[in-house]
Amino acid sequence: MDLDVFVSAHRAEWDRLDALLRRRRRLTGAETDELVVLYQRTATHLSLIQSAAPDPQLTGRLSQLVARARSAVTGTRRASWQDVTRFLTHGFPAAVYRSRHWWVPTALLSTAVAALLGWWIGTHPEVQATIAAPSELRELTRPGGQYETYYSSNPAASFAAQVWTNNAWAAALCLILGVFLGLPVLWILFQNMLNLGIGFGLMSSAGRLDTFLGLVLPHGLLELTAVFVAAGTGLRLGWTVIDPGPRTRRTALAQEGRAALAMAIGLALVLFVSGAIEGFVTPSGLPTWARITIGVVAELAFLAYVYVLGGRAARAGATGDLEASERSADVPTAA
C-alpha cells in the first residue's frame with residue numbers, strides 16, 4: 001500500500017467525519033446517515049492501515065476518530081439491574097459451561113493428585129517428619145487440635161470474609177496469569193492440592209480422616225469447584241496464546257480475556273457462598289451429616305446452575321463476552 005496515495009484519497013472523508021462529529025447534536029437525518037457510513041468506512045481504513053502500512057501518527061488519529069464516531073453511533077448506556085440479571089442468568093453460567101472441557105478434566109486430575117499426595121504422606125512417616133516435628137503433628141491432628149480449631153479461631157463473619165478474600169484472589173490470579181501459557185496456573189493449582197493432600201494425609205495417619213472430611217466437605221466442594229473453574233479457564237486462556245484457532249491471536253485473546261474477567265466477578269460470588277459456609281456452617285454444632293449435606297446441596301445447585309441455565313444460554317449464543325453492541329466491531333479488511 002502506498003500510504004501517501006491512500007491518505008490523499010480518503011482524507012476528505014476523515015475530515016468530513018470529524019466535522020460531523022463536532023456538531024452531531026445538530027445533524028439532519030441525511031447527515032446522521034452520512035455519519036454512520038463514514039464511520040464504517042473509516043473503521044475499514046484503520047484496519048487496512050494497521051495490517052498493511054502501520055503508521056503510528058495516522059493510526060492514532062484514526063483510532064480516536066473511530067472511537068468518537070462509535071460513541072456517537074452506538075450512544076452511551078449505563079449498567080442497570082437488567083444487565084446484572086442477564087449476567088447472572090446468561091453470561092456467567094454460559095462462560096462456565098463453555099469452559100467445562102477445561103475445568104472438568106482439571107478438577108478430576110487435581111483431585112487425583114491431592115488423593116495421591118495424601119496417600120503418600122499418610123503412609124510414609126518419613127515424609128511426615130519433613131513437614132513438622134512429631135509433637136507439632138500431634139498438636140495438629142489431636143481432637144480439638146489446630147485442624148479443628150482453625151475454623152473457629154475467629155468470629156464467623158470476619159473468618160468468612162478472610163476466607164472469601166483469599167480464595168477470590170487465588171481464583172483471580174488463575175484467570176489473570178493464564179495468559180502466560182498457563183504455567184503460573186499449574187503452580188497455584190499444585191499448591192492448593194498440596195495443602196489439601198497434607199491435611200488428608202496427616203489426619204488419615206492419625207485415624208481421624210472422618211473428622212477431616214467432615215470439616216472440609218461442607219465448604220470445600222463448592223470452593224474447590226470454583227478454583228477448578230478458574231484454573232481451567234486460565235489454562236484455556238494460555239492455550240489461546242498458543243493456538244487461537246481461526247481467529248487472529250489478538251481477537252481471540254480479547255474475546256477470551258473479557259470472558260475470563262467477567263468470570264472472575266461471577267466466581268467471586270460463588271466463593272462468597274463457600275466462604276459463608278466455611279465461616280458459619282463448618283464450625284457449627286450441626287451433626288457432620290447435616291454439614292456435609294449443606295455442602296453437597298450447594299455444589300449440586302451450582303452444577304445445575306451451570307449445566308441447565310449455562311447450557312441453555314450457551315446454545316442460544318451466549319459466550320460470557322460483552323454484547324456485540326458493547327465491544328469493538330470486527331471491521332472488514334478490504335475496502
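## Salt bridges between separate segments

R16 counts as partly exposed, at 29% relative accessibility (buried means under 20% relative accessible area, exposed over 50%, and partly exposed in between, with a 1.4 Å probe and protein chains only). The model is predicted: local features need pLDDT of at least 70, side-chain atom pairs count only at pLDDT 80 or more, and totals for chains, interfaces and linings use all residues. Residues are numbered from 1 along each chain as its sequence is written, and side-chain values use heavy atoms, leaving out hydrogens and water.

Seven salt bridges are found in a search of the whole structure, each defined as a side-chain nitrogen of Lys or Arg within 4 Å of a carboxyl oxygen of Asp or Glu. Among them are the following.

| Pair | N to O distance |
|---|---|
| R16 and E34 | 3.0 Å |
| R68 and D18 | 2.8 Å |
| R208 and E148 | 2.5 Å |

R16 belongs to helix α1 (residues 3-22) and E34 to helix α2 (residues 29-52), so their bridge ties together parts 18 residues apart in sequence. Helices (H or I, at least four residues) are DSSP runs, numbered from the N terminus. E34 is partly exposed, at 28%.

The side chains of R68 and D18 also meet in a salt bridge. R68 lies in helix α3 (residues 56-74) and D18 in helix α1, so this pair ties together parts 50 residues apart in sequence. R68 is partly exposed at 34%, whereas D18 is buried at 18%. A network of salt bridges links D18, R22 and R68.

R208 is buried, with a relative accessible area of 14%, and E148 is partly exposed, at 25%.

Conventions. Helix = DSSP H or I, 4+ residues; strand = E, 2+ residues; numbered from the N terminus.
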